[in-house]
Amino acid sequence: MTPALGLELRDSAAVAVALDDAGAVLARALVVSTGDLAATALEAVDGVARVAGAGPLGVAANHTDPSASAAVLSLLKQRYSGPFAQVGVTPTGTAAAVAEAWVGAARGVGDVVFFAVAEHAIAGMVRGGAPVLGVGRRAASIAWLALNPVEREDYRKIGCLEAEVAAAGIVRRLIWRIKAGDRSQVVDAVGGDFSGITVDHVLNAARIGDGVSISVVRDTAKYLGMAAANLVIISDPEKLVLGGIMATAADLLFEPVRAELARRLPRPMMDALAIAPAALGADAAAIGAARLATAALQ
């Protein structure tokens, strides 16, 4: 058996996996970058190849600027000993959608939309079993979905949706509320140091009844539900897979997002739509990249 290898490039780290033919993870490596992402990526790939062997390699990244991944691809093509799938860099959300449709929450479903929020807001679509990429390989760039008519500098830099619902955006909205005079237990949890607040602080405070955190989470769910509704209304999928904090904090977000979808979608479309939390977690994009690499070389 020849394993398939997948690599996900993150902002300052690389994750590589090696898979068997059934999609089971044989080896995994997470390497944090010290400044050279290309060297970091090669170290991650070499780490799993030493364990499982050098098979077809695919790459996924959330970089909208192709030059951000060019150095990584160049080094891998020079130094990686296994077959390199000439399919370019697949967007993280698209790769994750492929993975969830293959061995995850949408296994065997031909038409799937994947939507996740963590450090970034990502999405991907699978239509008839094949990924939807678009002319510039930027299809489903959900971070840039415009949901607020107000123009803001952060919207122009990272996109409206990402500015509101990615981890930093959730924290920012909580801090704005606190600075406006609202009282939150989160301030005590970080000793008054706003720079120490994380999205987990907000989620955990909401779980124990902190009113400001509950309000921020409720507003986040509205944004997420609107974004998910727009994805669904455009693609009309059989299944919607919700990942990132919508899966890991499903107790807070899954049902509110579903309720927002029900308010936004036509009744027949909502009734026909299956919704599930993602099953593959943080490895989804790397798994999808491996799957696409194997398909490209067949």
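This is a predicted model: local features need pLDDT of at least 70, side-chain atom pairs count only at pLDDT 80 or more; totals for chains, interfaces and linings use all residues.
Which helix gives the most to the lining of the largest pocket? H8 does, with four residues.

Residues are numbered from 1 along each chain as its sequence is written, and side-chain values use heavy atoms, with hydrogens and water left out. Helices (H or I, at least four residues) and strands (E, at least two) are DSSP runs, numbered from the N terminus.

Now the open space. Rolling a probe the size of a water molecule over the atoms shows where empty space is left. Here a 1 Å grid is laid over the protein atoms alone. A cavity is a set of points where a 1.4 Å probe fits but cannot get out. A pocket is an open set with protein on both sides within 12 Å along at least five of seven lines. Lining residues have an atom within 4 Å of a point. Grid points are joined across faces, edges and corners, and a volume is the space filled by probe spheres set on the points.

The largest pocket has a volume of about 770 Å³. Of the 33 residues that line it, the closest to its centre are Arg10, Ala118, Glu119, Gly244 and Ala282. Several elements each supply at least two lining residues: strand E1 (4–9), helix H3 (92–103), E6, helix H8 (199–207), E9, helix H10 (245–248) and helix H13 (284–296). The lining divides into 18 nonpolar, nine polar and six charged residues. In this count, Ala, Val, Leu, Ile, Met, Phe, Trp, Tyr, Cys and Pro are nonpolar, Asp, Glu, Lys and Arg are charged, and the others, Gly among them, are polar.

The structure also holds one cavity of 30 Å³ or more. The largest cavity has a volume of about 40 Å³. Strands E6 (112–117) and E7 (121–127) each supply at least two residues of its lining. E7 gives the most, with three. Among the other lining residues are Ser235, Asp236 and Pro237. By class, the lining has six nonpolar, one polar and three charged residues.

Just after H9, Asp236 takes a positive phi of about 50°. This residue lies in the loop between H9 and strand E9 (239–244). At 49% relative accessibility, Asp236 counts as partly exposed. The scale runs from buried (under 20% relative accessible area) through partly exposed to exposed (over 50%), with a 1.4 Å probe and protein chains only. Ala140 also has a positive phi, of about 60°, although it is not a glycine. Ala140 sits in the loop between strand E8 (130–131) and helix H4 (153–158).

Within H9 (residues 211–235) lies Ser213. Ser213 is buried, with a relative accessible area of 0%. Not counting residues up to four places away in sequence, Ser213 touches Leu174, Ser184, Val186, Val202, Ala205 and Ala206. Contact means heavy atoms within 4.5 Å.
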